[in-house]
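Here are a few notes to read alongside the model.

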Amino acid sequence: MASIGTLYTIPQQHNGKRIRAVAALAGVKVDLPESYVHFEDNKKPEFLSKFPHGKIPAFDGADGFKLFETAAIARYIAALPANSTLLGSNLKEAALIDQWVSFADSEISAHTTFIFQLTKGILAPYAKPLHTAVAERQLRSLKTVEAHLSTRTFLVTERITLADITLASVIQRSVSITIDAALRAQLPNLIRHLETVVNQPQLKEIFGQTEYAEKAAAYTPPPKEKKDPKPAAAPTPKAPKPAKEEEDDDDIPKEEPKAKNPLDSLPKSSFNLEDWKRAYSNKDTRGANGSLEWFYQNFDPEGFSVWRVDFKYNDELTQTFMSSNLITGFFNRLEASRKYLFGSMGVLGETNNSVISGALIARGQDIKPVVDVAPDFESYEYKRLDLSNAEDKAFFEAALAWDLEINGKKWADGKNFK
C-alpha cells in the first residue's frame, strides 16, 4: 500500500494519536518521519517553509498537499476512502460528527490543557478560583457526554466515527490530568467508551496504555526560602534548675541545623555574580566598556556555566503579554536561587506565533541544582553554551542585549532575573 504522505508528530502526542487512529481505521498508510526531533526540527527553515507556524501535527502529502491543525488533518484523511464510514453516511450524520469533534476539543480538551498549564506554573500566577471555575466547566461538559452515552455505544452511529476517535484521544489525556478516580466513578459510560475505542485491535498499539491518575492535578506552591535566624541575645544568668527540670529539657527536640545548599560547597570563584548584575544594570550591554566587555574580562568558566533556555510548549502560546507573564512567574519561582543565577529571557514573535527563549548564567557546571527550586523548571529545555563557539556566543550576547532573533521571530519583550 502506497503512503499518502508523512505525518509530523511524536508518539506521546494525543493529537497525533487521533490522526494515526483515523488513518488506521480508514485503511490508509501514513508515514512517520524517521528522525524528527521536536523543538529542534520544527524550528528549521526547511520545516518552516512547509509549515510556517512550526507546530505539530503537520501533514506533508505525497502529492504535495500540506495541512496543519489536528481536526483538519483528521477530517481530510477520514474522507479519503470512497467507502469510509468515519464521517457518517449522510449530511446530518456528518454534521453531528463535526458537532462532537468540536465539543470534545473546545469543551473538554481545552480545559484539560488550561488546568495542566495552571498547575504546572506555565500560566502564572496560579489562581485557585480560576482553577475551580475551569474544572467546573469541564465537569459540566463531561456530564453532557456521559448522559449522551448512557443510551448508545458510540456518539453518532452504530460504528466508530471520527467523533469517537476524537473523544477517546481527548479523554485518554484527561484521565491522566483532570479526571481522577473519584470523578471517573461518576462517568462510567464515558470510561466504557474510552476503553472500547482505544482497545480496538487496529488502534491498541497507537493509543498504548492508558494512564489513570488517582488524584487530579493540583498546584504545588514553590518552597519558601528560609531566612537565617537572627543572632540570639546574650543569655541572662539564671539560677541553677532542679535536676528534674534538667532531665525534662533533654526530652525537648532540638532544632535541626539548616541544610546547606550544595552550591555553597563549590570552590570559591573569582567571578562575583552580584558585581556582574550591577555591571549589567548600569552599563550598556554592547560596545566599549559595556557589560559584555566586563563579563568577558571577569567570567570564571570553572565556577560558572552559561546556558540557553527554551520553553517546551511554544505551540501553546497565544498573546505575547501572557507569554511575558510566564517568564515573570518562572523567575518568581526561582527566587531561592537568586544568589546563584542570572537570567535574560524574552518573548520573540507576535500573537499566536511566538517563542520564549533566553540565556542563564549559573553557579557550577550543572543547571539542575540551580533551577529545580522552581516547580515548573521541567517546562523548559536547557542547553549548555560554549562561548568559544561563535554561534553560541552570538546567541548569548543577543539574549543579553535583547536583540535576539530566532527563525525570523524578533524580540518583543524581555525580563531579567538578577
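1. Confidence first: pLDDT is the predictor's confidence in each residue, on a scale from 0 to 100. Helices (DSSP runs of H or I, at least four residues) and strands (runs of E, at least two) are numbered from the N terminus. Among the elements of the protein, H6 has the highest mean pLDDT (98) and helix H10 (residues 243-249) the lowest (39). The protein averages 90, and 91% of the residues score at least 70.

2. Some ground rules: this is a predicted model, in which local features need pLDDT of at least 70 and side-chain atom pairs count only at pLDDT 80 or more, while totals for chains, interfaces and linings use all residues. Residues are numbered from 1 along each chain as its sequence is written, and side-chain values use heavy atoms, leaving out hydrogens and water.

3. Please treat one stretch with care. Over residues 241-256 pLDDT stays under 50, and the model has 2 contacts (heavy atoms within 4.5 Å) beyond four places in sequence for them. Where pLDDT is low, the predicted coordinates should not be read in detail.

4. Now the sheet. It is open, with 4 strands in the order S2-S1-S3-S4 and mixed pairing; two strands pair if DSSP finds at least two bridges between them. Strand S2 (29-31) and strand S4 (66-68) each have a single partner strand, so one side of each edge strand is left without a neighbour in the sheet. On average, neighbouring strands are turned by 25° against each other, direction ignored. Strand S1 (residues 3-8) pairs with S2 in the parallel sense over 2 bridges, and Asp31 in S2 is the bridge partner of Thr6.

5. Helix H3 (residues 70-79) lies across S1, S2, strand S3 (58-61) and S4, running at about 130° to S4. Axes here are lines fitted to C-alpha atoms, for helices over the stretch in contact, and angles run from 0 to 180 degrees between N-to-C directions.

6. Next, a helix pair. Helix H4 (residues 91-119) and helix H6 (residues 162-174) pack at about 10°, their axes 9 Å apart. H4 and H6 are therefore roughly parallel (an angle under 35 degrees). Among the residues that meet are Trp100 and Phe116 in H4 and Leu167 and Ile171 in H6.

7. Finally, the structure holds 15 salt bridges (a side-chain nitrogen of Lys or Arg within 4 Å of a carboxyl oxygen of Asp or Glu). One links Glu69 with Lys55, the closest N and O atoms being 3.0 Å apart. Glu69 lies in the loop between S4 and H3 and Lys55 in the loop between helix H2 (45-48) and S3, so the pair ties together parts 14 residues apart in sequence.

How values were computed. Parallel < 35°, antiparallel > 145°, perpendicular 65-115°, else oblique.
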